[in-house]
Amino acid sequence: MAGSVASDDQKFCLTEVLDTFKLCLSENKEVYLEQYVAGWRGLVKFLNSLGSVFGFISKDAVNKIQVLVNYLNGENGSQYITVQSMVKYELDNELVDLTKRGSHPDSGCRTLLRLHRALRWLELFLERLRTSTEESKTSVMCAESYNESLALHHPWVVRKAAGMAFLVLPGRPAFFEVMNVGPPEQVVAMLGEALPLISEVYQITEELYAQHLLLDLP
């Protein structure tokens with residue numbers, strides 16, 4: 001069963017996230033929800049290890065993780081084994097607010113969609129980090145990644161606050177250090193291994209949501 005969120009207070013390690021996303025997909029490319037949640041726990045540690053600058057994203061992610069954990073551990077947990085089974089179950093039982101916020105603001109589909117959008121931002125940002133040089137500015141890389149992903153779904157006031165927060169990001173060496181992998185070349189190599197896995201999980205989820213017209217849930 002999925003564990004609690006609060007107990008995971010150890011340091012971030014990129015290796016753990018890599019291992020988790022390796023386990024995320026079944027043989028027929030379904031996304032295991034418990035492993036997806038576990039991968040996100042690792043990504044939250046990454047955000048938190050960089051201080052309060054990403055707090056506006058990490059706090060929301062922790063709340064969303066807990067909602068999904070509650071579904072996994074709930075009486076209908078067997079319906080939430082994979083993202084695919086969750087989507088089918090909630091749509092079949094009219095448990096999703098499709099056009100306006102209603103009686104299911106915390107449906108599994110809506111909750112996962114918010115994490116899905118944030119995963120795209122992290123994927124873009126980590127890819128820029130992977131291909132960056134020592135002179136590259138993390139503030140620029142992060143802002144560009146945000147503007148291509150999460151910013152499209154945030155109100156102006158949040159976008160403004162995010163832009164200010166990114167300006168005080170630490171440099172590239174600090175990001176590489178918190179990944180707890182080793183020297184920069186090892187970090188780059190491991191990101192090269194991890195990012196295609198994260199990207200595949202993202203793309204499978206994106207296509208599933210597009211198929212069921214769920215990408216713009218209110």
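1. The side chains of E200 and K29 meet in a salt bridge at 2.8 Å, N to O, where a salt bridge is a side-chain nitrogen of Lys or Arg within 4 Å of a carboxyl oxygen of Asp or Glu. Because E200 lies in helix α9 and K29 in the loop between α1 and α2, the pair ties together parts that are 171 residues apart in sequence; helices here are DSSP runs (H or I, at least four residues), numbered from the N terminus. E200 is partly exposed at 29% relative accessible area, and K29 is partly exposed at 40%, given that buried means under 20%, exposed over 50% and partly exposed in between (1.4 Å probe, protein chains only).

2. This is a predicted model, in which local features need pLDDT of at least 70 and side-chain atom pairs count only at pLDDT 80 or more, whereas totals for chains, interfaces and linings use all residues. Residues are numbered from 1 along each chain as its sequence is written, and side-chain values use heavy atoms, with hydrogens and water left out.

3. The count of salt bridges comes to nine. Among them, E16 pairs with K45, the closest N and O atoms being 3.7 Å apart; E16 lies in helix α1 and K45 in helix α2, so this pair ties together parts that are 29 residues apart in sequence. E16 is partly exposed, with a relative accessible area of 38%, while K45 is buried at 12%.

4. Within helix α3, K64 and D60 sit four residues apart, about one turn of the helix, and form a salt bridge with closest N and O atoms 2.9 Å apart. K64 counts as buried at 14% relative accessibility, and D60 as partly exposed at 33%. Elsewhere, R128, E144 and E148 are linked in a network of salt bridges.

5. In helix α1 (residues 14-22), the residues L14, V17, L18, T20 and F21 are buried. They cover an arc of only 165° around the axis, which puts them on the same side of α1, the arc being that of the directions from the helix axis to the C-beta atoms. These buried residues of α1 pack against α2 (33-49), α5 (108-130) and α9 (184-211).

6. F56, in helix α3 (residues 55-73), counts as partly exposed at 32% relative accessibility. Leaving aside neighbours within four places in sequence, F56 is in contact (heavy atoms within 4.5 Å) with H154, V158, A162 and F166. The C-alpha atoms of F56 and V158, 102 residues apart along the chain, are separated by 8.7 Å.

Notes: Helix = DSSP H or I, 4+ residues; strand = E, 2+ residues; numbered from the N terminus.
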